[in-house]
Amino acid sequence: MSKKDDTLRDTLLGSAKNIADTEGIEAINIRSIARKAGIASGTVYNYFSNKEKILLALTEAYWNQALLEMKSKITADPNSKRIERRKSQWLNDTNLSVMHTHYFLLGMFFFFVLMLTEKVFSFSDQKTGRLLAVYQLGLNITGLGFLLRGLTQVWGTELSRRLDASISGIAGIGHILTGVCIILLLLKIKKKVD
């Protein structure tokens, strides 16, 4: 369509919208739109073959306008910088990205090495099971700390200093538990080797 055709199409849609606003959607038809626009009914058929096509075009125009208004409000909103920051947080690394590595190394890989060590040195006894349960607890507490920190990073949540320190403390307690358990396991292995 040429520029003139787009203008006429917009005029026809404006006429249809005016009819809908004043008389209701039921009053929209090819003849009423032609009368309102001051043109022949045949000309309307060049743009819209039936009432459904007109209603579809009106709906599309309505939603395009609504999206434009929302976009202008979002970009004018002082919080739009916060939205952009949040978007970049979704795309950048967060503590969620290291959670998998911790579970892989301190979970599966650690127990694989521990299993091989047990096969060679046979160091385990009744206390080893409890020690490994505490190790698992520490690993999951560490994971919880990473999860909480990562979610606050992704959501862009501003934390108070106390809450921020609490999340770090949770991960720290988990690391301490796993570290102490690793040291105690190494001492058990050393004792068995000596």
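Colleague: Which residues in the largest nonpolar core touch the most other members?

Modeller: Keep in mind that this is a predicted model. The core has 15 residues, and the ones touching the most other members are L12, I28, I33, V44, F48, I54 and L58.

Colleague: And which elements give two or more residues to this core?

Modeller: Those are α1 (3–23), α2 (30–37) and α4. The largest share comes from α1, with 4 residues.

Colleague: What does L12 touch, skipping residues up to four places away in sequence?

Modeller: L12 touches I33, A37, I39, V44, Y47 and F48.

Colleague: OK, I54 next. Where is I54 found, and is it buried or exposed?

Modeller: I54 is in helix α4, which covers residues 51–76. Its relative accessible area is 0%, so I54 counts as buried.

Colleague: What is I54 in contact with, beyond neighbours within four places in sequence?

Modeller: L13, A16, I28, I30, I33 and F48.

Colleague: Switching topic: how do α7 and α8 cross?

Modeller: The axes of α7 (residues 126–155) and α8 (residues 161–193) come within 8 Å and cross at roughly 155°. That is over 145 degrees, so the two helices are roughly antiparallel. The crossing of α7 past α8 is left-handed.

Colleague: How do the residues of that contact divide?

Modeller: Into 17 nonpolar, 9 polar and 4 charged.

Technical notes:
Residues are numbered from 1 along each chain as its sequence is written. This is a predicted model: local features need pLDDT of at least 70, side-chain atom pairs count only at pLDDT 80 or more; totals for chains, interfaces and linings use all residues. Side-chain values use heavy atoms; hydrogens and water are left out. Axes are lines fitted to C-alpha atoms, for helices over the stretch in contact, and angles run from 0 to 180 degrees between N-to-C directions. Angles under 35 degrees count as roughly parallel, over 145 as roughly antiparallel, 65 to 115 as roughly perpendicular and the rest as oblique. A crossing is left-handed if the near helix is turned anticlockwise from the far one by less than a right angle, and right-handed if clockwise. Ala, Val, Leu, Ile, Met, Phe, Trp, Tyr, Cys and Pro count as nonpolar, Asp, Glu, Lys and Arg as charged, and the others, Gly among them, as polar. Buried means under 20% relative accessible area, exposed over 50%, partly exposed in between (1.4 Å probe, protein chains only). Contact means heavy atoms within 4.5 Å. A nonpolar core is a set of buried Ala, Val, Leu, Ile, Met, Phe, Trp, Tyr and Cys residues joined through side-chain atoms within 4.5 Å.
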